[in-house]
Number of protein chains: 2
Amino acid sequence: MLTLLMETKNTNMISSDELNLESVRKSLIRQEDTIVLSLIERAKFPFNFPTYDYDPSSSSSSCVLSGSLVHFIVKETEILHAKVGRYTSPEEHPFFPDELPPPLTPPHNYPQVLHPAAACININDTIWKMYFDELLPLFAAEGDDGNYGSTAECDLKCLQALSRRIHYGKFVAEVKFRDAPEDYGPAIRAQDRDALMKLLTFESVEEMVKGRVAKKAMIFGQEVSLDDKEEDIKYKVNPAIVSRLYGEWVMPLTKLVQVEYLLRRLS
Amino acid sequence: MLTLLMETKNTNMISSDELNLESVRKSLIRQEDTIVLSLIERAKFPFNFPTYDYDPSSSSSSCVLSGSLVHFIVKETEILHAKVGRYTSPEEHPFFPDELPPPLTPPHNYPQVLHPAAACININDTIWKMYFDELLPLFAAEGDDGNYGSTAECDLKCLQALSRRIHYGKFVAEVKFRDAPEDYGPAIRAQDRDALMKLLTFESVEEMVKGRVAKKAMIFGQEVSLDDKEEDIKYKVNPAIVSRLYGEWVMPLTKLVQVEYLLRRLS
């Protein structure tokens with residue numbers, strides 16, 4: 001076995017000093033690209049039901065996975081990623097946090113930006129249900145093409161991108177709190193969820209984000225050919241669905257993370 | 001343990017009857033998108049040298065991986081994917097084929113389209129070297145941001161997309177051979193590599209492909225904002241590099257696979 005030389009001093013994680021609305025905004029915008037691109041890659045395949053199904057009564061002995069194929073792929077990939085320290089980053093959250101192995105790599109020196117209580121907030125169960133029960137049926141074409149492993153891989157990428165984006169609410173909340181502790185303090189001390197949610201909601205900003213992600217879906221999801229006939233543009237993922245994903249799930253769930261974080265911010 | 005119900009009858013793999021230049025062309029074009037998108041995702045991160053480096057003399061005991069981080073991630077992911085049958089597909093080729101475990105899932109009934117000798121052609125060693133020694137330094141910005149695990153994950157996606165595209169040359173060669181066995185037969189019987197390479201080269205088509213992938217890099221790699229100022233467009237990956245990737249490596253290596261396949265086609 002060879003020993004890996006691993007630098008730990010540098011990281012593009014935002015340090016406590018650099019944390020501001022602009023740096024957080026830039027990260028959120030870049031993450032939109034990743035989410036839209038991962039949905040486009042998933043849309044290459046039809047729904048592929050057997051990726052999600054299992055039959056506990058089947059007597060076939062040729063396939064023994066604990067749960068569905070997607071469950072197996074996500075869980076086993078998280079075990080592998082845990083070995084290289086993925087979940088020591090405050091930006092990453094596993095879907096199956098139990099029984100993850102410790103990292104084989106030396107610890108990263110992530111800047112301590114968030115309140116320590118951030119570590120106990122993980123809403124991936126909700127994200128998992130939202131993705132498979134609500135979002136996926138909206139944009140995956142009906143059908144079965146047999147590519148179950150590749151389908152599960154694409155689902156994993158979508159789940160990881162959505163989880164990272166939604167849990168980034170911790171950083172959003174921290175920067176908002178630092179900018180105006182006098183606004184948030186009373187609602188936090190009163191543990192008033194509704195008041196916090198109101199303070200965190202800016203409808204015009206949300207409309208702008210929905211417009212921007214729809215535009216990204218149009219641009220990234222178009223069929224590109226060298227002759228510029230624009231008549232019949234077909235998008236790989238319907239831009240209205242990406243807009244709805246943000247309006248109905250990504251932004252509300254990010255605000256849920258923000259509220260959960262702020263409720264603990266003065267503990 | 002629950003048993004996975006897995007349909008094996010359907011697959012979007014091209015069956016022997018459906019194999020034609022149009023179906024192969026469509027797959028190659030769709031794979032261009034995946035390659036361009038995976039390069040764009042990799043370009044989020046700077047070069048991140050420690051992802052690729054290891055120091056066999058280091059006495060640090062806190063990190064013990066066999067080889068570099070990227071080697072570890074690719075190898076371990078291939079082991080996981082082998083368990084769900086990825087490498088039973090004639091379109092997939094592992095970078096570390098030794099010691100892969102057998103699938104836990106039931107066998108897929110992939111249509112038998114290629115000559116059986118196809119199975120022994122795997123040029124991933126060449127693709128690995130090309131990617132890390134030539135391509136990556138061209139498009140990854142200098143620097144180190146500490147995201148080594150995510151960087152290795154992105155490299156894996158790029159490698160998989162390039163490997164799939166280049167080895168698709170087997171299908172390209174099969175369809176060309178079936179369309180004109182009288183053209184290829186003499187060169188195959190003479191085992192004449194140069195004559196085969198000449199038969200497989202269409203410069204005007206290659207120029208068109210280079211133009212199209214550059215256009216994809218422009219469209220998919222642009223910064224999207226809601227205000228349409230076009231002054232200072234910055235692309236996430238230089239379109240000229242994507243064009244060069246195809247001209248210098250993807251298309252020549254695909255033709256190498258085609259030649260290797262055709263040399264065995266009449267065995």
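1. Helices are DSSP runs (H or I, at least four residues), numbered from the N terminus.

2. Who touches whom. Contact means heavy atoms within 4.5 Å. Residues of α2(A), including A:Phe72, A:Ile73 and A:Leu80, meet residues of α2(B), including B:Phe72, B:Ile73 and B:Leu80. By class, this contact has six nonpolar, four polar and four charged residues. Asp, Glu, Lys and Arg count as charged; Ala, Val, Leu, Ile, Met, Phe, Trp, Tyr, Cys and Pro as nonpolar; the others, Gly among them, as polar.

3. An aromatic pair. A:Phe95 and A:Trp128 form a tilted pair, 5.9 Å centre to centre, with 55 degrees between the planes. Rings of Phe, Tyr and Trp (its six-membered ring) pair if their centres lie within 6.5 Å; planes under 30 degrees apart are stacked, over 60 edge-to-face, the rest tilted. A:Phe95 lies in the loop between α2 and α3 (124-139) of chain A and A:Trp128 in helix α3 of chain A, so the pair ties together parts 33 residues apart in sequence.

4. Confidence. pLDDT is the predictor's confidence in each residue, from 0 to 100. Chain A averages 89, and 88% of the residues score at least 70. Over residues 1-11 of chain A, the pLDDT is below 50. Where pLDDT is low, the predicted coordinates should not be read in detail. The complex gets an ipTM of 0.86 and a pTM of 0.89 from the predictor.

5. Ground rules. Residues are numbered from 1 along each chain as its sequence is written, and chains are lettered from A in the order in which they are written. Local features need pLDDT of at least 70, side-chain atom pairs count only at pLDDT 80 or more, and totals for chains, interfaces and linings use all residues, while side-chain values use heavy atoms, leaving out hydrogens and water.

Definitions and conventions
Helices (H or I, at least four residues) and strands (E, at least two) are DSSP runs, numbered from the N terminus.
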